[in-house]
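Please read this report with the model open beside it.

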Amino acid sequence: MDKQHVTSTVIITGANGFIGSHLTNFLTQNKIKVYAVIRSKTSDISLLKKNNYLSIVYCDINNIAALPELIPNQYYDAIIHLAWNGSAGKIRADYHMQLKNVEHTCNLIYTLQKIKCKRFLCMGTVSEHLTEQIFNISLPPPNLTYASAKQCSHFLTDIICKLLNQNYIWMQCGNVYGPNNFSGNLISYTVSELGKGNKTFYSSGKQILDFVYIDDVIMAIYLLIFSATTKNFYYIGSGKSKPLKDFLHEIARIYDMEDAIILNKHPDDGLEYKQEWYNISDLIKDTGFQPKYDFSQGIERTIRGTK
């Protein structure tokens, strides 16, 4: 960690979530002051490690306009917006919830006008690209509603930030995995079931995907917070995308359970996943980012950390 960042201060929404908790812990352990915005006093903050650089701020995203009154009136290097309800499972198809997320993001950007904040960083998703195929499929899967809301939020973030002259970076991630991710996504599902000795079931596994270990995501976000870039978009990934089935068999080999991976059990979603979505060359060139963990290393760390 560079000494010039020792006295830095950031705000993180969704700080008690999977990415948020890892980011908060990394920054505070490296002497960066974090104001962690949490929904309420009943929210689970057990993943956050308490220290002198962490301040919990209870502010429901529905009332984000109150945030300036709840934090010190000072300069902030960045606000990292990670709060998003319904990012996994069937509730990704809840359009009421997804549209509220878009509204919350827009409201937060306007709220920044009352906060001295150098940069706004917002987490998107690589599945935003899937919205280009909406009119080509007969039965949209749940993630398309979520992806559409993220894409809408991306568009409106760009518009509003330009109108308000607010520096911002929209981050898209591949599939993020690591310890304490209980979302039921592909990796957490596979690791959980194989850990119990169970078989796991998938579609054809031909989709081109990218899986990136949580510590690499956190380092990328850290670099973007303090980078001199003037760009508004970066993809964060491993740089090693490939068919899903190859990742699944790699996990199974670690457990010595290759026969437990059952493909073609579920239908494909009819969507095309493209290699060019997963390009991290700009991130590497502009920030010096280099992925530290290959997939096998990340899975082994995930297994150890989940036990």
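## Aromatic pairs

Tyr 273 and Trp 277 are both buried, where buried means under 20% relative accessible area, exposed means over 50% and partly exposed lies in between, with a 1.4 Å probe and protein chains only. This is a predicted model, in which local features need pLDDT of at least 70 and side-chain atom pairs count only at pLDDT 80 or more, while totals for chains, interfaces and linings use all residues. Residues are numbered from 1 along each chain as its sequence is written, and side-chain values use heavy atoms, with hydrogens and water left out.

The structure holds 14 aromatic pairs; rings of Phe, Tyr and Trp (its six-membered ring) pair if their centres lie within 6.5 Å, and planes under 30 degrees apart count as stacked, over 60 as edge-to-face and the rest as tilted. Because Tyr 35 lies in strand E2 (residues 33-38) and Tyr 76 in strand E4 (residues 75-81), the pair ties together parts that are 41 residues apart in sequence. Helices (H or I, at least four residues) and strands (E, at least two) are DSSP runs, numbered from the N terminus. Tyr 35 is buried at a relative accessible area of 10%, and Tyr 76 is buried at 0%. The ring centres of Tyr 273 and Trp 277 are 6.0 Å apart and their planes stand at 65 degrees, so this pair is edge-to-face.

## A ring cluster and charges over rings

Ring pairs also join Tyr 177, Phe 211, Tyr 213, Phe 247, Tyr 293 and Phe 295 into a cluster. A member of that cluster, Phe 247, has the charged end of Lys 242 over its ring, 5.0 Å from the centre. A charge sits over a ring if NZ of Lys or CZ of Arg is within 6 Å of the ring centre and within 35 degrees of the ring normal. Lys 150 likewise lies over the face of Trp 84, at 3.9 Å from the ring centre.

## The surroundings of Leu 121

Which residues does Leu 121 touch, not counting residues up to four places away in sequence? They are Ala 78, Ile 79, Ile 80, His 81, Ile 169, Met 171, Ile 221, Leu 224 and Ile 225, contact meaning heavy atoms within 4.5 Å. Leu 121 itself has its place in strand E5 (residues 116-123) and is buried, with a relative accessible area of 0%. Its C-alpha atom is separated by 18 Å from that of Gln 74, a residue 47 places apart from Leu 121 along the chain.

## Helix H5 and positive phi angles

In helix H5 (residues 186-195), the buried residues include Ile 187, Ser 188, Thr 190, Val 191, Glu 193 and Leu 194. Gly 197 follows H5 and has a positive phi, near 85 degrees.

Positive phi is also found in residues other than glycine, one of them being Lys 31, with a value near 65 degrees. Lys 31 is found in the loop between H1 and E2, and it is partly exposed, with a relative accessible area of 43%. Asn 264, which is not a glycine either, has a positive phi of about 60 degrees; this residue lies in the loop between strand E13 (261-262) and helix H8 (281-287) and counts as exposed at 61% relative accessibility.

## Pocket and cavity

Rolling a probe the size of a water molecule over the atoms shows where empty space is left. On a 1 Å grid over the protein atoms alone, a cavity is a set of points where a 1.4 Å probe fits but cannot get out, and a pocket is an open set with protein on both sides within 12 Å along at least five of seven lines; lining residues have an atom within 4 Å of a point. Grid points are joined across faces, edges and corners, and a volume is the space filled by probe spheres set on the points.

The second largest pocket holds about 450 Å³ of space, and of its 20 lining residues, His 22, Asn 25, Phe 26, Gln 29 and Asp 215 are the closest to its centre. Helix H1 (18-29) and helix H6 (214-226) each supply at least two residues of this lining, with H1 giving the most, five residues. The structure also holds one cavity of 30 Å³ or more, lined by Ile 61, His 81, Ala 83, Trp 84, Asn 85, Asn 101, His 104 and Thr 105. Helix H3 (residues 95-111) gives the largest share of the lining of the largest cavity, three residues.
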